[in-house]
Amino acid sequence: FRSPSPIHSTCRLLDCGALVALWPVPGRFFRRQGLASPELPFSMAPAELETFAFNADIQQLMSLIINTFYSNKEVFLRELISNASDALDKIRYESITDPEKIEAQPNFYIKVTPDRDAGTVTVEDSGIGMTKNELINNLGTIAKSGTKAFMEAMAAGGDISMIGQFGVGFYSAYLVSDKVRVVSKNNDDEQYIWESTAGGTFLVWKDTTFEHGVLKRGTKVICYLKDDQAEFLESDRLKDLIMKHSAFVGFPIELRMEHRKEEEVEVQEEGEAEPEKQKKVTVTHSWELINKNKPLWLRPAEEVTHEEYADLYKWLAGDWEDHLAVKHVNTSGQVDFKALLYCPRNAPKDMFDMGKMSQRFSIRLYVRRVFIKEFNDLIPKWMGFIKGIVDSDDMPLNISREMLQQNSILKHIKSGLQKSVFSMFQELSKDKERFKIFHESFAQCLKLGVYEDNANREQIVPLLRYFSSKSGEDLVGLDDYIARMKPGQRHILYITGRTKRDAARSPYIEGLKRDGFEVLYM
C-alpha cells in the first residue's frame, strides 16, 4: 500500500437477485502488508466505504503514541482545540475577500461535548472544514514535515506536550482514544467521515445517515475514549483543562456541563406498609462559555483598563489583591513577541524557601494564544515574584526546558523580558508611594539579585533604598545620597543593624552625625 489509491469494495448482483458485498478479507488481504483492518461501521453499506493505508511515517508516529506510556495525556484536548482555532482562522481570513464563504454558518465557535453514555469527547468547530481529499491527505496518506522531526525529538528525550509544535497534534487524540472519527463539511464538498482505530488503515465515506448531525460547515472530532480514560468524561475536568491550556484562544469555547442533583424521594414498594426513602439523582446539562479571559496583550495598552489588567492578574497569580504594577510589552524585530508582566503587592510567604525558589514557575508561555508550558528560568531567580504571560508566533519546534539555553529565539525573549521587568521597576521608582510598597515587599529580592546576578547588578543597585540619619521616615537611594554628600566626602557612609532603631542608636556614628555627615542604615 505505497499508493494512496483506495481499496474499493465491490458489489455483484447474482442470478438469484441477491445483492452480495465482496469485501477484502483482512486476514488474507492485509496480513502480507502487516496492517490491521479497521472496525467497520455496521450501519454503512460496504460499497460506500473506502479504505486507505497510513503513510509509513504516520504509522510509526501513531505506534509511538499508542504503545508508549505518557502521563501527560491531557494535551490531546489542547491540540484539538488548537486545530479548531486554526480552522476558524482560515475561514475568517477567506471570508474577508469572499463573504459568501460564511453564509452557511456565520457564527465562529468551538464546542466541547463529553458524552458519558457513549464514552466520547467531541470537539466541534465551525471552521473551514475538510473536503474528502483533504481528509485523506491531511489525516493519513501525506506525512507532515514535522512527523519525523517529532519522533526524533521524542527519541532525544522530548516531552509529548511538544507534539502540536510539529504540526501533528491531531494524533495526540490516540493518547486517550481507541478510535477517532472525524466528521467534516467544507463549502466545496459534501459531508464526509474519516475513521480509524490506528491499526494501519483508515476509512473514509460520504455521510448519508448524519448520525452526528448535519454540519453547515466545519469539523467534529469524536474521540472514543479508552476504558481507563473516563476522567475526561467529567465536564469539570475538561473545564479545568480548557482554562489551563486554551483560556486565551481567540474564539468562544463552549463546554457542555453536566449538573447532578441528589434528592431523597419516598418510594412505595408493593407489599410494604411504609414508603421507603431513596436517593434520586437528576442529571441536567447546559452550555457554558469557558474562555472568558481575553488576550489583553494583543490589544494596545491604552485601550486596556486597570480592571481588565487586574482580573487577568488575579486569574494568573491566584491572588485576591490587585497587582502593584503591570508592563505591557510588544516587541518586534529579530524576534516578535507580546507579553504582560505583573508585579504583585506582596511577596509569597515561601519567597525565600531555597528548595521552592528554583522551581517557582513565574512565566507562562503561549504560542498563538495556546498554552505550552510554564518556565522558571526565563527571568533570573531573584525575580521569581514576577508573574507574566509571553505569546509568540516565532517559537521553535522544540521548546523543552533542556533546549532553552541553546535556543536563540528563547534567548532573545529572555533578554527582552529582563529589560521589560527593569523598565517596570524604573517606572515604579518614579511613584514614591507605590515604590515604598514595592521596596517593603521585595527589598530582600533586590539584595539577593545584587549578590547573585552579576550581569544585571548595575541595574539593580539604583533600585535599592535605605533609611538614613537624615531621611526620617522616607527611604533614600544611592543616587540621592551621592548627590547630597558633603564637599570633600569620598565614601558612602553606612552602618548595619538588626533594625533601623538599632542602627540609629549606634555610638559609632555619633561623631559623624554631629559633623553633618549622612549615614545609611543597612
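In this predicted model, strands S13 (residues 325-331) and S14 pair in the antiparallel sense, over 7 bridges. The two form a hairpin with 5 residues between them, and Gly-333 in the turn has a positive phi of about 140°. Within the pair, Lys-327 stands opposite Leu-341 in S14.

S14 also has a partner in strand S17 (residues 387-391): the two run antiparallel and are joined by 5 bridges. Here Tyr-342 stands opposite Lys-387 in S17. S14, which spans residues 337-343, is mostly covered, with 6 of its 7 residues buried.

| Partner of S14 | Residues of partner | Sense | Bridges |
|---|---|---|---|
| S13 | 325-331 | antiparallel | 7 bridges |
| S17 | 387-391 | antiparallel | 5 bridges |

The protein as a whole has 14 helices and 21 strands. Of its 522 residues, 46% count as buried. Its accessible surface comes to about 27200 Å², and carbon and sulfur atoms account for 48% of that area. Among contacts between residues at least 6 apart in sequence, 66% join residues at least 24 apart.

In soluble globular proteins, nonpolar side chains tend to be buried together. The largest nonpolar core here has 51 residues, and those with the most contacts inside it include Leu-77, Ile-81, Ile-110 and Trp-194. Helix H3 (residues 75-97) gives the most to this core, with 7 residues. A second, separate core of 47 residues includes Met-351, Ile-379, Ile-386 and Val-476.

Leaving aside neighbours within four places in sequence, Ile-110 is in contact with residues including Ile-81, Ala-84, Leu-88, Val-123, Val-249 and Phe-251.

Helix H6 (residues 235-245) also has a covered part: Ser-235, Leu-238, Leu-241, Ile-242, Met-243 and His-245 are buried. The cover over these residues includes H3, strand S5 (110-115), strand S6 (120-125) and strand S11 (253-267). Helix H7 (306-317) and strand S16 (370-375) are also among the elements that cover the buried residues of H6.

The last topic is cysteine. How many disulfides does a search of the whole structure find? The search finds 0. A disulfide is a covalent bond between the sulfur atoms of two cysteines. For Cys-445, the closest cysteine sulfur is in Cys-343, and because the two sulfurs are 9.4 Å apart, they are too far for a bond. Cys-445 counts as buried, at 1% relative accessibility. Cys-223 is buried too, with a relative accessible area of 0%.

Methods: Residues numbered from 1 in each chain as written. Predicted model: local features only at pLDDT ≥ 70, side-chain atom pairs only at ≥ 80, totals over all residues. Heavy atoms only, no water. Disulfide = S-S within 2.5 Å. Buried < 20%, exposed > 50% of the residue type's maximum accessible area, 1.4 Å probe, protein only. Core = buried A, V, L, I, M, F, W, Y, C linked by side-chain atoms within 4.5 Å. Helix = DSSP H or I, 4+ residues; strand = E, 2+ residues; numbered from the N terminus. Contact = heavy atoms within 4.5 Å. Areas by Shrake-Rupley, 256 points an atom, 1.4 Å probe, with all protein chains shown as cover. Pairing = 2+ DSSP bridges.
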